[in-house]
Number of protein chains: 2
Amino acid sequence: MQDLTLFLAHYKKVLDESLYKEIKKRNIEPKLKESMLYSVQAGGKRIRPMLVFATLQALNKDPMIGLKTATALEMIHTYSLIHDDLPAMDDDDYRRGKKTNHKVFGDATAILAGDALLTLAFSIVAEDENLSFETRIALINQISYSSGAEGMVGGQQADIEAENKQVTLEELSSIHARKTGELLIFAVTSAAKIAEANSEQTKRLRIFAENIGVGFQISDDILDVIGDETKMGKKTGVDVFMNKSTYPGLLTLDGAKRALNEHVSIAKSALSGHDLDDEILLKLADLIALREN
Amino acid sequence: MQDLTLFLAHYKKVLDESLYKEIKKRNIEPKLKESMLYSVQAGGKRIRPMLVFATLQALNKDPMIGLKTATALEMIHTYSLIHDDLPAMDDDDYRRGKKTNHKVFGDATAILAGDALLTLAFSIVAEDENLSFETRIALINQISYSSGAEGMVGGQQADIEAENKQVTLEELSSIHARKTGELLIFAVTSAAKIAEANSEQTKRLRIFAENIGVGFQISDDILDVIGDETKMGKKTGVDVFMNKSTYPGLLTLDGAKRALNEHVSIAKSALSGHDLDDEILLKLADLIALREN
């Protein structure tokens with residue numbers, strides 16, 4: 001785990017600096033800029049960027065060639081949190097122990113800060129001079145698909161509609177596959193694209209990402225049932241309170257834990273024996289899917 | 001004017017079909033798709049796409065090579081209207097005589113429909129196989145700048161902050177230059193990029209677009225003072241009610257009319273004598289800046 005700890009500490013610093021620099025260097029209305037910076041500086045584990053870096057490392061490439069893509073990805077994740085927290089959506093006052101964007105800057109600025117981060121993300125990929133124009137276009141297409149109406153935004157819509165009604169395991173999986181899964185898949189497959197991985201490697205990495213994505217969500221639901229409020233930095237049990245369907249609710253807590261272990265196992269075996277230097281990536285998978293907060 | 005009428009009727013139909021097709025063909029959660037379609041089908045003059053087509057025509061190119069860009073541009077314009085109309089922003093119940101998106105679909109879906117249209121716009125440019133990868137990247141960079149924190153979104157933030165306080169003419173111009181001007185400039189300069197116009201043509205077209213953009217806004221403010229409610233399809237005088245600063249407020253009504261004519265005149269003379277087939281474009285400029293609704 002020591003290697004992973006050093007890896008994460010190093011690349012989290014690199015990523016954070018890149019995020020702040022990309023916003024600070026632009027000529028933006030002060031309050032809007034402050035609001036954008038507030039949310040990207042609100043912390044978080046930077047799971048998606050770390051997946052980009054660790055996948056590049058597994059493919060024997062310098063993780064730094066994924067920096068722009070990782071930065072754009074975290075901006076899109078951040079915008080989605082700002083909009084999801086709005087009173088019109090999940091109406092959350094706190095995230096990661098800090099006041100949500102709209103509680104500090106007001107709803108209007110929070111909506112605009114989200115819009116601005118989403119829009120900026122595309123520029124950052126477009127400006128990545130380390131990559132060919134063709135690769136940048138492929139990444140922009142992928143990120144738009146993963147985060148848009150067919151991916152994350154569609155998943156959020158489905159999630160809202162599923163509130164206060166009982167959904168099947170299949171429906172729950174479909175919601176999460178879009179709401180959180182697609183962006184995690186993008187993290188891994190974008191790195192494969194940047195590294196020019198062969199089709200077998202890309203296929204394997206995709207299976208890995210899909211299963212880590214499901215594991216991530218099951219883990220989230222389990223933590224919501226058994227989690228410790230202090231560790232999570234937000235109220236637990238809220239999904240039950242909101243009548244949201246969850247994996248433990250549909251599978252029992254033990255069943256959810258078994259499903260989680262199964263997905264982690266499928267993810268890991270997808271990578272084995274395929275000429276990947278995957279030590280960091282496998283450890284990161286454990287950290288994501290088997291996390292305690 | 002006959003030529004322009006036919007030109008607009010033809011390309012409006014082409015544009016509308018492209019807009020609907022780009023949404024309908026994708027696998028989107030039904031309510032979200034309906035909400036996206038509702039707003040793109042809510043009508044409007046399609047000024048920005050028409051500027052793309054007319055500029056390509058002025059550069060002796062087939063306007064159809066700008067179709068994807070024009071479609072993306074109108075999606076971004078539509079998303080901005082959906083978000084601007086939200087209760088947290090301008091709180092409008094009607095637009096173009098129809099209920100606003102959030103009045104029909106609720107605030108959450110309206111936020112997501114806006115997010116989805118913005119995200120989709122980037123895919124549409126990225127997928128434009130008529131253009132080189134390099135041109136697509138240049139367009140994506142330009143559209144992100146024009147519509148993002150340094151452009152439209154920043155202008156909207158500045159506009160919100162200017163409410164209920166007196167601003168100078170310089171501040172008012174800066175707000176509008178970003179809020180509406182940048183996207184109009186993109187309409188014209190994106191066409192120049194697609195047509196591979198020379199630098200002198202591009203410079204002239206940019207001056208044209210900047211001045212038409214200012215004219216468009218002055219015209220909007222004048223119509224708000226003298227406009228006819230039926231023609232506008234929304235309540236007039238609302239800017240005065242909201243204590244927003246306007247051109248007639250700062251320059252008097254006659255002064256605003258003089259400024260409008262001056263900008264239209266500068267715009268038109270920027271184009272003259274530069275090997276442009278600009279008949280349609282000049283007529284369109286009149287229609288935009290000297291419109292009655």
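Hi everyone, thanks for coming. One thing before we start: what you see above is a predicted model.

Let me begin with the rings. Over all chains, the structure holds seven aromatic pairs. One of them joins Phe122(A) and Phe122(B), which are stacked, with 4.0 Å from centre to centre and 5 degrees between the planes. That pair crosses between chains: Phe122(A) sits in helix α6 (residues 107-126) of chain A, and Phe122(B) sits in helix α6 (residues 107-126) of chain B.

Phe7(B) has a relative accessible area of 6%, so it is buried. Tyr11(B), at 10% relative accessibility, counts as buried too. Over in chain A, ring pairs link Phe7(A), Tyr11(A) and Phe53(A) into a cluster.

Rings also meet lysines here. Lys98(A) lies over the face of Tyr38(A), 4.4 Å from the ring centre. In chain B, Lys98(B) lies over the face of Tyr38(B), again at 4.4 Å from the ring centre.

On to the core. Which residues touch the most other members of the largest nonpolar core? Among its 157 residues, the answer is Met36(A), Leu51(A), Met36(B) and Leu51(B). Take Leu51(B): leaving out residues up to four places away in sequence, it touches Leu184(B), Ala187(B), Val188(B), Phe208(B), Leu281(B), Leu284(B) and Ile288(B).

Next, a quick check on a helix. Helix α4 (residues 67-85) of chain A has 19 residues, and at 1.5 Å a residue it should span 27 Å; the end C-alpha atoms are 27 Å apart, so the two agree. This α4(A) is mostly covered, with 18 of its 19 residues buried.

Why does Gln217(B) count as buried? Its relative accessible area is 6%, and the cut-off for buried is under 20%. And what is around it? Setting aside neighbours within four places in sequence, Gln217(B) is in contact with His176(B), Thr180(B) and Tyr247(B).

That's my tour. Happy to take questions!

Note on methods:
Residues numbered from 1 in each chain as written. Chains lettered and ligands numbered in written order. Predicted model: local features only at pLDDT ≥ 70, side-chain atom pairs only at ≥ 80, totals over all residues. Heavy atoms only, no water. Phe/Tyr/Trp six-rings, centres within 6.5 Å; stacked < 30°, edge-to-face > 60°. Helix = DSSP H or I, 4+ residues; strand = E, 2+ residues; numbered from the N terminus. Buried < 20%, exposed > 50% of the residue type's maximum accessible area, 1.4 Å probe, protein only. Lys NZ or Arg CZ within 6 Å of the ring centre and 35° of its normal. Core = buried A, V, L, I, M, F, W, Y, C linked by side-chain atoms within 4.5 Å. Contact = heavy atoms within 4.5 Å. Expected span 1.5 Å × (residues − 1).
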